[in-house]
Amino acid sequence: MTIKNVTVLGTGVLGSQIIFQTAFKGFNVTAYDIDDASLDKARQTIAGLAHRYLEDLKDIPPASLDAAAGRITWSTSLAAAVKDADLVIEAVPEQIELKRKVYGELGRVAPPKTIFASNASTLLPSALADATGRPDRFLALHFANEIWLHNIAEIMGHPGTDPVVFATVVQFARDIGMVPIEIHKEKAGYVLNSLLVPFLAAASGLLIEGIAEPAAIDKTWRIGTGAPKGPFEIFDIVGLNTAYHISLVGSPAQQRFAQYLKENYIDKGKLGVETGEGFYVYRK
Ligand code: NAD
């Protein structure tokens with residue numbers, strides 16, 4: 001199976017990044033969203049991403065970024081957007097009923113050859129597979145935010161995924177510059193978040209129980225393990241709003257941490273790296 005034409009459904013935070021990275025690596029990409037306002041926003045996001053690529057990656061000829069932008073087609077018609085697609089990557093909001101509805105429509109209009117891949121973070125492929133009408137050609141392809149820097153792609157099928165489809169998507173991930181991580185069994189959180197979420201929860205517990213300050217906890221982790229960043233530096237990158245929403249539905253200690261985040265940071269506009277201040281102050 002050869003992948004040449006890729007369609008991305010949903011042009012938000014992750015969708016925009018997937019669109020640009022895939023086009024940057026030479027694929028034809030069709031970007032689909034529900035209305036023109038969403039597409040306009042994504043065009044602006046992608047113009048900003050081009051600057052980030054120049055800043056963050058070495059030796060990128062500026063012309064290659066223009067060429068990438070030129071390989072993107074924009075559409076608000078699902079049928080037109082997928083008519084030649086070899087692969088559809090879905091990055092619509094993490095709501096099961098919405099995703100199932102999108103897969104129902106997609107299954108009706110996409111050609112039989114098309115592989116469907118979901119960027120879902122917590123929903124398992126088996127919760128969506130029957131809605132696609134082609135469960136054997138469906139799996140999850142999960143990216144990490146800022147995909148040009150944090151370039152892992154976790155690939156996770158469900159029991160009915162065709163192994164050839166799985167292998168094709170692993171190769172595609174490699175072809176767009178990701179390091180593919182093959183997941184053998186369905187697992188919410190894949191590998192990355194199965195490690196990261198409890199790690200961050202442990203760090204928040206140390207703070208909220210008054211055991212140590214964020215800087216001391218981070219220093220311990222960095223020096224003790226050689227890791228480049230400690231948990232509170234990671235919280236600042238994830239964003240304190242996101243951390244708040246995740247903690248709010250966690251254990252009682254995590255809920256106390258959510259309250260702490262709200263009172264000391266969020267209510268003061270300190271959301272982490274994106275606002276220039278969180279647990280640490282950043283140069284803008
Ligand atoms: P987002 O809210 O930034 O973007 C979602 C986009 O989907 C919006 O542009 C919205 O207009 C569009 N949309 C809504 N309904 C649609 C429909 N019916 N058809 C097509 N598009 C539709 O969301 P996001 O953060 O990019 O997340 C998208 C998916 O990626 C989620 O499943 C999320 O869990 C996953 N994900 C997010 C991150 C992250 O760090 N943000 C990381 C990995 C995976």
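User: Which helix holds both D56 and R52, and how many residues apart are they?
Analyst: This model is predicted. An α-helix has 3.6 residues a turn, so residues three or four places apart point the same way. D56 and R52 are separated by about one turn of their helix. That helix is α2, and the two residues are 4 residues apart.

User: What is the N to O distance in the salt bridge of D56 and R52?
Analyst: Side chains of opposite charge can pair when their charged atoms come close. A salt bridge needs a nitrogen to oxygen distance within 4 Å. The side chains of D56 and R52 meet in such a bridge, and the N to O distance is 2.9 Å.

User: Is R52 buried, partly exposed or exposed?
Analyst: Buried means under 20% relative accessible area and exposed means over 50%. The relative accessibility of R52 is 27%. R52 therefore counts as partly exposed.

User: Which helices are tied together by the pair R222 and E233?
Analyst: The side chains of R222 and E233 form a salt bridge at 2.9 Å, N to O. R222 belongs to residues 214–225 and E233 to residues 231–238, so the pair links parts that are 11 residues apart in sequence. The helices are α8 for R222 and α9 for E233.

User: What is the N to O distance between the side chains of D40 and R43?
Analyst: D40 and R43 both lie in helix α2 (residues 36–56), 3 residues apart. D40 is partly exposed at 41% relative accessible area, and R43 is partly exposed at 37%. Their side chains meet in a salt bridge, with an N to O distance of 2.7 Å.

User: Which side chain of opposite charge is nearest to R137?
Analyst: R137 sits in the loop between β5 (115–118) and β6 (138–143). R137 is buried and has no salt bridge. A salt bridge needs a distance within 4 Å, whereas the nearest side chain of opposite charge is 5.0 Å away. That side chain belongs to D136.

User: How many of the 8 residues of α9 are buried?
Analyst: The buried residues of α9 are P231, F232, E233, I234, F235 and D236. Their cover includes α7, α8, α10 and α11. Helix α9 is thus mostly covered, and the number of buried residues is 6.

User: Are α7 and α11 roughly parallel or roughly perpendicular to each other?
Analyst: Helix α7 (residues 192–208) and helix α11 (residues 252–264) have axes 9 Å apart. In α7, A201, S204, L207 and I208 meet residues of α11 that include A253, F257 and Y260. The two helices pack at an angle of about 70°. Angles from 65 to 115 degrees count as roughly perpendicular, so α7 and α11 are roughly perpendicular.

User: Which element of the chain has the lowest mean pLDDT?
Analyst: The chain averages a pLDDT of 96, and 100% of the residues score at least 70. Strand β4 (residues 87–90) has the highest mean among the elements, 99. The lowest mean is 91, and the element is helix α10 (residues 240–248).

How values were computed:
Residues numbered from 1 in each chain as written. Predicted model: local features only at pLDDT ≥ 70, side-chain atom pairs only at ≥ 80, totals over all residues. Heavy atoms only, no water. Buried < 20%, exposed > 50% of the residue type's maximum accessible area, 1.4 Å probe, protein only. Lys, Arg positive; Asp, Glu negative; His and termini not counted. pLDDT = per-residue confidence, 0-100. Axes fitted to C-alpha atoms, helices over the stretch in contact; angles between N-to-C directions. Parallel < 35°, antiparallel > 145°, perpendicular 65-115°, else oblique. Contact = heavy atoms within 4.5 Å.
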